[in-house]
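Thanks for coming. I will go through one structure today, starting with a pair of helices and then moving to an interface.

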Amino acid sequence: MCEDHPGPGGQESAAPEFSALLEDSAEDLYEHAPCGYLSTLLDGTIAKINTTLLGWLGYEREDVVGRRRFAELLTVGGRIYHETHFAPLLRMQGELGGVAFELKAADGSRLPVLVTSTVKTGTDGQAQLIRTTIFDARDRRAYEQELLRAREEAERERDRVQRLARTLQQTLLPPALAEVPGVQVAAYYHPASADEVGGDFYDLFPLTGDTWGFFLGDVSGKGAAAAVVTSLARYTLRAAAVHDPDPATVLDRLNTVLHHEYRGSDPRYCTVVQGHLRPGGDGAAVTLATGGHPPALLIRADGTSAFVPVPGGQLVGALPRARFATADVLLHPGDTLLLYTDGLTEARTQGRDRYSEEQLQEYLADLAPTTAPAVITAVTGLLAGFGDGVEDDTALLALGIPLPGGDRP
Amino acid sequence: MTGTPFSVTTRTTEAGAVVTVEGELDVATAPRLRAGIDTLVLRSGQRLVVDLAGVTFCDSSGISTLIAARNVAEAAGAGIALAAVPGRLRRTFGLIGLADFFPTYPSAEDAFGD
């Protein structure tokens, strides 16, 4: 070949050496090619096989030629696949390429291979024999297994991240809410993402003999950085409430702590409803202060409802000298007060429209007279209906005074 | 509600800079406003005006970015103002008490007027 097509210019003088490197024998190329060659009769009986393939299989030529069919060199599963799919397709198409099989060697070991076959026809168009090329696919199999291992590793890693996020989230929420005599309490946390810790938080805890403190809030941002702020906000609120239960004073403390901690170009702040609750008579007195948070919704036993207006109430931690004020609410039997974060009122409903506070009010007012658990159940159902539309975490905390004589009227 | 694609454009004047935001300012888009503000060079005594006329929605990430902008302006000795805050946003900003910290004007021109 080289003689017929000499290489470009300067290589001609090297032609004799060059040609020595080339195949001088088609027979040698057939026998020692870097792939297996196999010719079979139409019934699969092996007629010719090269040395490379015999070497892979560990057979002598006389073990196989005229004695075995190609399918007998395959594993049981491979044999079935060969008989039911490979051979019929080959007969139909005349050629078939790149099919993965496993060869069974004389010593019982298995060798993954890729098989390509063509049917050789005579001048009369009649099929005469089948030529098969077999490529060693061990490297490819190893590569595939490597890919599979990497994928499993990635999946394990994702599970680990989600477990971590879940655990961290749980540490930011109270394991159980304190029991308040004469008051029904219910809460719910809806995480928007399994991978990231959200920044919503709530708690209800005893202060003095007849007073309970509670809060619900939302830290800006998500993930570990937000979780640090959430944790700081939570224990600052609890500690401050013990020191002085006035909700406006508690928020003032938190504002000072957060603003001191996070200034500059990466401000961290939260919105909070802070309150205390004093059961008395047949109901309870609630005092609320809000810091930049959507107003609490009060659903009265008689079916009227209102957002509790709290004057002032700036974002907590964002700005110096924020102002907070308080509002008082008296809860009577059948009344329920719902605190929520904006994951709910900013959720996208069916299309792309955002759910609004007014829609929430309308939806819940119909439940009256209701109970804290019933309100939480209703809102949980609402969130489930939004599906992916809930882009942010949502925390809910409901306080209600049961009607005498049962949970539900 | 989501008709306007999000965009941030900035222009500088003698008196400071105007950043015009359009579309939904949320967790996905806030970094672009942030990047726009970071390109500005503010001098002492100037004013950074954020024009919100075309903003259809603003979530906590958007508010964070506005607060960050205020901090950036303050660090440079400049002031900050909001212009043309749409009604929907004005309610949110009122709720969180932002108005006390961001002088607000009907338009960017008005913001440079005094």
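One term first: when I say that two residues meet, or are in contact, I mean that they have heavy atoms within 4.5 Å. Also, please keep in mind that this is a predicted model.

Let us start inside chain A. Two packed helices are described by the angle between their axes and the distance between the axes. Helix α7(A) covers residues 223-243 and helix α8(A) covers residues 247-261; their axes come within 9 Å and cross at roughly 145°. The crossing of α7(A) past α8(A) is right-handed.

Which residues in α7(A) meet α8(A)? They are Val229(A), Leu232(A), Ala233(A), Thr236(A), Leu237(A), Ala240(A), Ala241(A) and His243(A). Their partners in α8(A) include Val250(A), Leu254(A) and Glu261(A). Sorted by class, this contact has 11 nonpolar, two polar and two charged residues.

Now the interface. Here 23 residues of chain B are in contact with 26 residues of chain A. About 1900 Å² is buried between the two chains, and carbon and sulfur atoms give 52% of that. On the chain B side, Leu95(B), Ile96(B) and Phe101(B) lose the most area to chain A, together 26% of what that side buries.

How many salt bridges cross this interface? The rule finds one. Arg91(B) and Glu358(A) form a salt bridge through their side chains, at 3.2 Å from N to O. There are also two residue pairs counted in polar contact between the chains.

As for elements, β3, α2 and α3 of chain B each give two or more residues to the side that touches chain A. The largest share, eight residues, comes from α2(B). That side of chain B divides into 11 nonpolar, five polar and seven charged residues.

Note on methods
Residues numbered from 1 in each chain as written. Chains lettered and ligands numbered in written order. Predicted model: local features only at pLDDT ≥ 70, side-chain atom pairs only at ≥ 80, totals over all residues. Heavy atoms only, no water. Buried area = accessible area lost by both parts, 1.4 Å probe. Salt bridge = Lys/Arg side-chain N within 4 Å of Asp/Glu carboxyl O. Polar contact = N/O pair within 3.5 Å; in protein donor to acceptor, adjacent residues only side chain to side chain. Helix = DSSP H or I, 4+ residues; strand = E, 2+ residues; numbered from the N terminus. Nonpolar A, V, L, I, M, F, W, Y, C, P; charged D, E, K, R; others polar. Axes fitted to C-alpha atoms, helices over the stretch in contact; angles between N-to-C directions. Left-handed = near helix turned anticlockwise from the far one by under 90°.
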